[in-house]
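My entries follow in the order in which I looked.

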Amino acid sequence: MYSEDDIRRLTWQCRRGMLELDVLFVPFMQEAFRDLAVEDQNRFVRLLDCEDQDLFVWFMQREEPADPDHKKIVDLILERVQPA
């Protein structure tokens, strides 16, 4: 379980300096993170440790992450932002 201090720190980490990532991560953190299963919260936290260049190609769907946990959380985030 993540405390409010943890959530504030993670929200700060979501500000990557790359607009394409910021517009995905910050709203996801603010609107969805608290409602995720703990396993998915942990996946998201691990995803924040990845390099911006890797994140960019994953979210632009040019490549898929090799790590299945990264793939799962990337897919979850993309589902939230893509029209049905």
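I began with Cys50, whose sulfur has its closest cysteine sulfur in Cys14, 13 Å away, which is too far for a bond. I took a disulfide to be a pair of cysteine sulfur atoms within 2.5 Å, and the search of the whole structure found zero disulfides. Cys50 counts as buried because its relative accessibility is 13%, and Cys14 counts as buried at 0%. For these words I used the cut-offs of under 20% relative accessible area for buried, over 50% for exposed, and partly exposed in between, with a 1.4 Å probe and protein chains only.

Before going on I noted the ground rules: this is a predicted model, in which local features need pLDDT of at least 70 and side-chain atom pairs count only at pLDDT 80 or more, while totals for chains, interfaces and linings use all residues. Residues are numbered from 1 along each chain as its sequence is written, and side-chain values use heavy atoms, with hydrogens and water left out.

Confidence was my next entry, pLDDT being the predictor's confidence in each residue, from 0 to 100. The mean pLDDT of the protein is 95, and 98% of its residues reach 70 or more.

Which residue places a side-chain polar atom 2.8 Å from the backbone oxygen of Cys50? I found that it is Arg16, where a polar contact is a pair of N or O atoms within 3.5 Å; within protein, one must be able to donate a hydrogen and the other to accept it, and residues adjacent in sequence count only if both atoms are side-chain atoms. Arg16 is placed in the loop between H1 and H2, and at 18% relative accessibility Arg16 counts as buried. Leaving aside residues up to four places away in sequence, Arg16 touches Leu21, Asp22, Phe25, Leu48, Cys50, Asp52 and Leu55, a contact meaning heavy atoms within 4.5 Å.

I then stepped back to the whole fold. The secondary structure comes to five helices and zero strands, where helices (H or I, at least four residues) and strands (E, at least two) are DSSP runs numbered from the N terminus. Read along the sequence, the pattern is α-α-α-α-α. The radius of gyration is 12 Å, close to the 12 Å that the globule rule gives for 84 residues, so the protein is as compact as a globular protein of that length; the radius is taken over C-alpha atoms, and the rule is 2.2 Å times the number of residues to the power 0.38. Along its principal axes the C-alpha trace spans about 35 × 25 × 25 Å. Of the 84 residues, 42% count as buried. Among contacts with a separation of 6 or more, 52% come from residues 24 or more positions apart.

In helix H1 (residues 4-13), I listed Ile7, Leu10 and Thr11 as buried. These residues cover an arc of only 105 degrees around the axis, which puts them on the same side of H1; the arc is that of the directions from the helix axis to the C-beta atoms. The buried residues of H1 pack against helix H2 (19-31) and helix H3 (38-47). On the other side of H1, Asp5, Arg8 and Trp12 are exposed.

In H3, I found Asp40, Gln41, Arg43, Phe44 and Leu47 buried. They cover an arc of only 160 degrees around the axis, which puts them on the same side of H3. What covers these buried residues includes H2, H4 and H5.

Gln53 is found in helix H4 (residues 52-59) and counts as exposed at 54% relative accessibility. The C-alpha atoms of Gln53 and Met18 are separated by 9.6 Å, although the two are 35 residues apart along the chain. Gln61 lies in the loop between H4 and helix H5 (68-81), and its phi is near 60 degrees, a positive value in a residue other than glycine. I noted beside this that most residues other than glycine have a negative phi.
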